[in-house]
Structures are given as structure tokens and as C-alpha cells.
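User: I am new to this structure and would like to learn how to read it. Could you walk me through it, one feature at a time?

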Amino acid sequence: MSEQRRSRRFVEREQRELRRELLITPFPELGLVAMNGPNDPEPALEVRDGRVVALDGRSEDEFDALDHFIARHGMDVEIAAEAMAIDDVELARRLVDVEVSREVLVRLARGLTPARLARVVALLDPVEMMFALKKLRARRAPANQAHVTNLKENPALLAADAAEAAARGFAEIETTVGVSRYAPFNAMAVLVGSQTGRPGVLTQCAIEERRSLQLAIQGITTYAETLSVYGTEPVFVDGDDTPWSKAFLNSAYASRGIKVRFTSGGGSEALMGHAGGCSMLYLEARCLSLVRAAGSQGVQNGSISCVALVMSVPAGGREILAENLLAAWLDLEVASGNDAIASHSPIRRTAKLMGQFLPGTDFVTSGWSVMPRYDNMFGGGNYDADDIDEWLTIQRDWQVDGGRSSFRRSPTQRSRRQRTGSTAATCPIATEPRTSSPPIVCSPRASADSTSRVSSTGAGSPTWPKRSSVCNASASPRTTCRRRRSSTRRVR
Amino acid sequence: MAFDAAGDYPLGTRRPDLVRTPGGLAVDELTLDALRAGQLNGSEMRATAETLRLQAEVARAAGRPELAANLGRAAELTAVPDEVILEIYTGLRPHRSTSGELEQLAERLEREFGAALTAAFVREAKEVYATRKLLGPDERAAPV
């Protein structure tokens with residue numbers, strides 16, 4: 001049709017953000033189906049002499065590594081006989097029955113196979129899922145996790161943002177790196193900033209698994225969440241791990257007193273090309289059964305970095321909510337995503353958020369950028385500094401605890417100035433280029449005073465001095481080596 | 001006072017008398033003053049096997065046996081040096097170790113560190129890796 005004859009309304013609508021998105025029809029063979037996939041196995045469990053010998057359509061000699069792990073560590077065979085005998089609809093009804101307690105539901109989930117778990121939650125509509133999720137939340141009150149990064153990876157700015165995040169009520173703070181050798185510096189800056197903002201906030205640095213463990217061992221991070229698992233064996237092995245190596249990591253972190261949460265999420269198997277023809281929700285149910293079997297206290301899930309793919313298929317948003325619900329039903333603390341960009345459309349993004357926001361998950365967002373978008377090194381997030389007032393207003397509208405608190409402007413500024421000042425005082429690497437510690441802020445003229453000032457009045461990294469990347473990168477191994485030696489010295 | 005796994009959590013606030021650092025310091029001795037006086041270092045800011053075993057009891061009493069099992073393995077690993085932890089982790093990654101190498105890791109865990117639970121866990125991995133072709137390059141194609 002010629003341009004003149006087309007409706008102007010249609011032409012203008014084509015400019016909307018939503019039109020930048022791809023919405024596809026299901027393609028189950030590639031795993032591009034949200035839930036109730038035609039190739040998902042029939043739920044089944046066979047136990048012989050206390051040993052699981054068949055699980056969801058596979059006998060023991062056909063088990064892959066995930067089946068073996070779930071069969072050995074993740075099924076309570078005594079409860080299974082009772083739980084597997086209850087039919088799907090009855091289980092689904094109990095999830096939304098106000099008279100059936102969390103305790104009773106969590107116990108039953110211990111005896112349900114992954115295929116069964118997926119099938120039961122898929123029977124609920126979104127409002128029912130939200131109600132069940134509210135009932136099953138592990139933590140007493142909802143909380144949130146913040147992302148703290150900046151383009152220049154300036155540690156004093158990291159500390160200031162971490163302090164602000166802590167003061168705003170974020171319970172956990174995650175940072176990452178652009179230059180991998182900066183990891184110990186960034187982790188230290190966020191640790192110092194957060195603790196001066198509000199003691200007890202936990203911090204982590206998202207990097208490669210082995211390096212992440214090193215930082216935790218050195219005591220620079222206090223929790224880890226990068227223990228990613230996947231719902232099929234080829235993708236798991238592609239991620240360079242097995243259920244046993246991940247579970248060992250879990251114990252290793254715990255041995256050093258570090259909190260651990262695994263990460264999984266629908267769509268990852270399809271994205272990595274090995275979904276085995278199964279639905280996203282069924283594969284996520286396998287992940288979650290495995291996470292609990294490995295003895296994790298919690299999980300970050302709800303598609304996470306694959307959210308755009310899941311939102312492209314029908315029932316994508318519903319599938320993500322179902323994943324969060326499954327995790328809570330399996331007695332896991334849930335950090336429910338809402339971190340990576342779910343949609344270009346602000347309306348669609350908020351609509352998706354309500355699934356987790358209204359019931360209030362353990363961590364409604366597992367990464368809210370406390371900084372302006374350009375400083376978010378996690379590839380740009382769903383929400384950032386400019387959206388904070390909207391969040392608070394939505395809490396006010398619904399009278400719902402979304403895990404966030406507000407405060408007046410002046411304490412924020414004071415908080416930021418104090419934190420950068422204290423970072424400078426307690427963390428010589430931040431501003432003291434002439435000591436034996438590695439210099440981080442490249443300009444020797446950047447005094448603690450001027451750094452504090454810019455931290456309390458600036459918006460983000462553009463107003464900050466550059467760091468000396470060459471000398472920082474070469475100092476990184478020194479920092480870790482020195483710390484490692486001191487950590488083996490005994491006291492007294 | 002006897003430990004009550006159902007009521008004494010969190011240990012740090014309800015039963016600080018039961019929590020010690022690896023060097024034997026009590027929780028209230030972990031102060032900034034002690035740090036400034038050079039009486040503390042990173043190795044003191046760690047969980048001990050005893051604390052982790054109490055945490056495991058709490059988890060078991062709360063109906064979380066898998067979490068308890070993890071904390072039981074963690075208690076064993078407190079005795080294992082950082083370098084060895086990283087070595088075992090690498091060894092358990094796919095296609096890194098032969099079945100003999102995994103067996104050696106398990107024996108070492110038992111012999112040097114008395115880590116029977118973790119050793120059994122490594123042996124279980126060895127058995128599954130053999131059936132799933134996840135052993136090291138030399139054994140990847142080996143018959144089951």
C-alpha cells in the first residue's frame with residue numbers, strides 16, 4: 001500500500017519502542033516454547049530399595065549427569081510416594097489455598113520430580129502464581145540487590161555509590177569489572193563503601209568462577225551468586241562445570257563463611273543451542289531441583305540475562321513468574337531477576353515487574369543500577385538511578401513493600417561524601433599513589449577532599465578523573481599475592 | 001547451656017558463646033581496636049568447622065537436609081588450604097581429570113584432611129563422569 005493511503009496512526013505507532021522487539025511463534029524443537037512443551041517428559045518416579053531408578057521418562061542407565069545428581073541428592077523418596085500420588089490439580093489448588101501453610105507445601109515439593117513441579121505451576125494463572133509466591137517467600141520481608149559499577153571503574157565513586165545503595169535499603173550489592181584485573185580493587189571499594197553506608201550489607205564481584213572464589217577466600221567479597229547451572233548436560237558442560245564441581249564450589253564458599261546463591265533461568269538452554277526440544281519451564285525445574293540438591297540456600301532466577309528471549313515467545317512473562325514460584329516452593333531464597341532489560345517498552349517492562357513486585361519476592365530485583373544508565377557495566381539494566389522515584393511512588397500507590405526506602409536529599413549527599421572520605425581514609429589504594437600500595441586514581445592531584453566533593457554533587461563518572469590503567473593492572477597480582485600470604489599467617 | 005538447633009539461630013546473636021574464630025577469639029573480641037593493635041588478620045575473619053556443624057544442625061532441624069549436607073562438607077573444607085580447594089575444583093570440572101586422578105584427590109582428602117564426606121562426593125563424581133564421558137582427555141572415549 002502506498003504511504004499516502006496508510007493510516008497515520010499506524011505509521012506513528014510503528015515508531016513505538018515495542019516495535020523494536022521480536023515476537024515469535026513457539027518452535028518447541030529448538031526449546032523456544034515457554035511451558036507445557038509437547039516434548040516435555042511425563043512426570044514419573046520409580047524407587048527401588050530406597051534408590052531412584054527412573055526419573056521423568058528416563059531409567060537409570062539413560063540418566064544424564066543432572067538426573068544422576070537429582071536422583072542421588074535431590075529426591076526425598078519417603079515423601080515422594082505421598083506427593084507423587086496427589087494429582088496435578090489438587091497440588092495446584094493447595095498452592096493457592098490460604099489454609100495450606102508454606103511448611104506443608106515445601107515438604108511436599110521435596111518429593112516431586114522436575115517434570116511434575118513444572119506441570120503443576122503451569123496450571124496456575126498469573127494472579128494465582130503471585131498469591132502462591134507471596135505465601136511461599138522464604139525471607140520475612142522483600143529486599144533488593146543493587147548493581148554498582150562505573151565506566152571509569154573509579155573506586156572512590158564505586159564506594160560512594162555502594163554507600164548510597166546501602167543507605168537506600170539494598171540488602172546486597174553486586175559489582176563487576178571491565179578490566180578483569182581490577183576485580184580486587186572494585187570488590188574492595190564496594191565492600192568499604194557498603195559497610196560505611198549500612199553495616200551488614202553483603203557484597204559480591206561477578207567474574208569468572210575460579211577468580212570469584214579467590215576473592216571470597218581473601219575476604220574481599222561476602223557472597224557469591226555466579227554459580228550458574230543449566231537444564232541440559234551439553235549446556236552445563238559448555239559452561240565448563242558439572243553438578244559436582246558446582247556443588248563442591250558451594251561447599252568451598254561456605255567453608256570460608258561466604259553466602260552462596262546459584263543462578264539459573266529459562267531460555268538459557270535454547271540460547272546456547274541445546275534445549276533438547278524441551279520447554280523453558282521444565283528445564284528450569286531441573287535446574288532448581290539440582291540447586292536444592294546441591295545444598296544451596298537460594299537461587300537467582302527468572303530468566304535473568306536471557307529475559308529478552310523468553311519474552312519473545314507466548315507466555316514468556318508467565319513462565320518467568322512460574323520459575324520464581326517454583327524456586328520459592330523448593331524452599332530457596334529467590335533473587336527474581338528484573339535486572340537485564342526485559343523490553344524496550346516501558347509499559348511492558350513494568351507489567352513484567354509487577355509479577356515479582358506485588359507479591360514481593362526475597363530480592364525483587366537482582367540488580368538495580370544505582371548509577372545513571374551509562375555507568376552500568378552489566379550491559380545496561382532494566383532500571384537505574386533515574387527510576388528510583390518511580391519505584392517509591394509505585395510502592396506508595398499500592399501500599400506494597402517493594403524493599404526500598406526513601407530519604408531526604410541532604411543525608412544522601414552527606415552519606416556519599418562521608419563514604420568517599422572514609423574510603424580514602426581506610427583504603428589507601430583509593431587516593432594515595434605514592435605509597436607502596438598500588439595507585440588507583442591516576443591523578444596525584446585528586447585529593448581525598450576533591451574526590452568527596454565530586455562524589456556528592458556529580459551524576460556519574462564523566463566528572464571523575466581517569467585511573468591509570470597500566471599501573472593498576474600490573475598492581476592487581478601484587479594485591480592478591482600480598483593478601484594471600486597474610487591470610488595464611490596465624491594470630492597469636 | 002545445651003544447643004537448641006530450632007531456637008538458637010542466628011548463632012552470632014543468640015549463642016555468641018558458641019562462636020569462635022579459627023584462632024580461638026570470641027565474637028566480641030573482633031573489634032576495630034583489636035585490628036588496629038595488630039591482633040587480628042584476615043585468617044581470623046573466617047568460619048570454623050565447629051560453627052559450620054552447628055549451622056548444619058540448624059538446617060537439618062529446619063527440614064533442609066541438603067543444605068545441612070553442604071555445610072557438613074564445608075566444615076571439612078575449613079581444614080583444606082586455599083590452593084588445594086582451587087585444585088580440587090579444577091579437577092572436578094569436565095574433562096580435566098582421569099578417574100585415577102579423581103581417586104587420588106579423594107584419598108588425599110581423607111588422608112590429609114579427614115574429609116570423608118567430601119571424598120565420597122568426589123568418588124561419586126568419578127563414577128558418574130565415567131558413564132557420562134566427562135573424564136579427562138585420556139579417558140574420554142574409554143569404555144564404561
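Predicted model: local features only at pLDDT ≥ 70, side-chain atom pairs only at ≥ 80, totals over all residues.

Analyst: Gladly! Let us begin with how elements are named: helices (H or I, at least four residues) and strands (E, at least two) are DSSP runs, numbered from the N terminus. Residues are numbered from 1 along each chain as its sequence is written, while chains are lettered from A and ligands numbered from 1 in the order in which they are written.

User: Is Ser255(A) buried or exposed?

Analyst: The idea is to count neighbours: a residue is buried if 20 or more other C-beta atoms, placed from the backbone, lie within 10 Å of its own, exposed if 12 or fewer, and partly exposed in between. Ser255(A) has 26 C-beta neighbours inside 10 Å, so it counts as buried. Across chain A, 54% of the 492 residues count as buried.

User: Which residues is Ser255(A) in contact with, leaving aside its neighbours within four places in sequence?

Analyst: A contact means that the C-beta atoms of two residues, placed from the backbone, lie within 7 Å. With those neighbours left aside, Ser255(A) is in contact with Ala47(B), Leu52(B), Ala74(B), Leu77(B) and Thr78(B).

User: How many residues of each chain are in contact with the other chain?

Analyst: On the chain A side there are 41 residues, in contact with 36 residues of chain B. Helix H4 (65-77), helix H5 (82-92) and helix H7 (116-131) of chain B each bring at least two residues to the side that touches chain A. H4(B) gives the most, with eight residues. To sort such a side by class, Ala, Val, Leu, Ile, Met, Phe, Trp, Tyr, Cys and Pro count as nonpolar, Asp, Glu, Lys and Arg as charged, and the others, Gly among them, as polar. By that scheme, the side of chain B that touches chain A holds 19 nonpolar, eight polar and nine charged residues.

User: What can be said about the length and cover of H4(B)?

Analyst: For length, the expected span of a helix is 1.5 Å times one less than its number of residues. H4(B) has 13 residues and reaches 18 Å from its first C-alpha to its last, close to the 18 Å expected. As for cover, 12 of the 13 residues of H4(B) are buried, including Ala74(B) and Leu77(B).

User: How is chain B divided into domains?

Analyst: Domain bounds come from an automatic or database domain assignment. For chain B, that assignment gives domain 1 (1-78) and domain 2 (80-144). Their centres, taken over C-alpha atoms, are 29 Å apart. Between the two, four residues of domain 1 of chain B are in contact with seven residues of domain 2 of chain B.

User: Now for strands. What does pairing look like in chain A?

Analyst: Two strands pair if DSSP finds at least two bridges between them. In chain A, an open sheet of three strands has the order S1-S2-S3, with antiparallel pairing. Strand S1 (45-48) and strand S3 (58-59) of chain A stand at the edges, each with a single partner strand, so one side of each is left without a neighbour in the sheet. S1(A) and strand S2 (residues 51-55) of chain A are joined by four bridges, and Arg48(A) stands opposite Arg51(A) in S2(A).

User: How do I read the crossover between S5(A) and S6(A)?

Analyst: Picture the strands pointing away from you: a crossover is right-handed if the path from the first strand over the helix to the second runs clockwise. Here S5(A), helix H9 (residues 183-197) of chain A and S6(A) make a right-handed β-α-β unit.
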